[in-house]
Amino acid sequence: MKQIFLLISTIMISFSVFAQREAIADSAGYHIIEQAKQRFPKFYREFQSIKANDQLIKKIRFIQQQGTGPAFASPKGEITINVEFIQTPKPNFDDNRLIVVLYHEVGHLHYYVTTKQTDWNPENSEKAAFEYSLLKTKEIAEKGDCLPLQSGLKFMKLRSEGTNLEDAHVRALKRMVTKPLYAGYLQYATSKCK
């Protein structure tokens, strides 16, 4: 019962925060993505790929908001991208990390459809999203570009060292970086990515 209450609270807070964000028209958002093709070519490629091929994505929304994260996912199959991270590059959010973020959000959508709604909880959703982003960036590494995988591993480890246990991301990562799955990705990156 406590997990259901936490989930409902998280979703209600997310929707109220979404309502406060500055939504921009789809045409303007796609135009910003198109303009970013030169600065973030790998992100652009992966964005186009998921938009065309991932059937779980029902809608891509765009916001422009300082002081909030780069992207969000909702159980309705929506991904929201904060174009602030594309228009005004941020420290530690280069082309490679933006790919990790993108696949993290798609990972949430996979969690929502593979997990019974009564079992949803924020920490497990974040863990599944991090794992999905590692899976997809390893696929990119297998094609010859290790940088997104290395970026994901680096920033996941750093964030796992955080002390804000109210943050489901931190709790999920504290669990995840001690498990064989994460160690396997790390070993792959160490041995195959020179």
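# Questions on a predicted protein model

In this predicted model, Ala 36 has its place in the loop between helix 2 (26–35) and helix 3 (41–53).

Reader: Leaving out residues up to four places away in sequence, which residues does Ala 36 touch?
Author: The C-alpha atom of Ala 36 is 9.8 Å in space from that of Val 83, although 47 residues separate the two in sequence. When residues up to four places away in sequence are not counted, those that Ala 36 touches are Pro 41 and Ile 86.

Reader: In what order do the elements of the protein chain run from the N terminus on?
Author: The protein chain holds nine helices and four strands. Read from the N terminus on, these elements run α-β-α-α-β-β-β-α-α-α-α-α-α.

Reader: Among contacts between residues at least 6 apart in sequence, what percentage join residues at least 24 apart?
Author: Of the 194 residues in the protein chain, 47% are buried. Among the contacts in the chain that link residues at least 6 apart in sequence, the part that joins residues at least 24 apart is 61%.

Reader: What is the relative accessible area of Trp 120?
Author: Tyr 112 counts as buried because its relative accessibility, 16%, is under the 20% limit. Trp 120 is buried as well, with a relative accessible area of 8%.

Reader: Over the ring of which residue does the charged end of Lys 138 sit?
Author: A charge lies over a ring in two places described here: Arg 97 is over the face of Phe 155, at 4.0 Å from the ring centre. The charged end of Lys 138 is 4.8 Å from the centre of the ring it sits over, which is that of Tyr 188.

Reader: How far apart are the end C-alpha atoms of helix 9?
Author: Helix 9 comprises 13 residues (residues 180–192), and at 1.5 Å a residue it should span 18 Å. The expected span agrees with the distance between its end C-alpha atoms, which is 18 Å.

Reader: Within what arc do the buried residues of helix 9 fall?
Author: The buried residues of helix 9 are Tyr 182, Tyr 185, Tyr 188 and Ala 189. Seen down the helix axis, they line one face of helix 9, because they fall within an arc of 120°.

Reader: Against which helices do the buried residues of helix 9 pack?
Author: The face of helix 9 turned away from its buried side carries the exposed residues Pro 180, Gln 187 and Thr 190. The buried residues of helix 9 instead pack against helix 6 (122–142), helix 7 (147–160) and helix 8 (168–176).

Reader: What is the phi of Asn 92?
Author: Most residues other than glycine have a negative phi. Asn 92, in the loop between helix 4 (84–87) and helix 5 (95–114), has a positive phi, near 70°.

Technical notes:
Residues are numbered from 1 along each chain as its sequence is written. This is a predicted model: local features need pLDDT of at least 70, side-chain atom pairs count only at pLDDT 80 or more; totals for chains, interfaces and linings use all residues. Side-chain values use heavy atoms; hydrogens and water are left out. Helices (H or I, at least four residues) and strands (E, at least two) are DSSP runs, numbered from the N terminus. Buried means under 20% relative accessible area, exposed over 50%, partly exposed in between (1.4 Å probe, protein chains only). Contact means heavy atoms within 4.5 Å. A charge sits over a ring if NZ of Lys or CZ of Arg is within 6 Å of the ring centre and within 35 degrees of the ring normal. The expected span of a helix is 1.5 Å times one less than its number of residues. The arc is that of the directions from the helix axis to the C-beta atoms.
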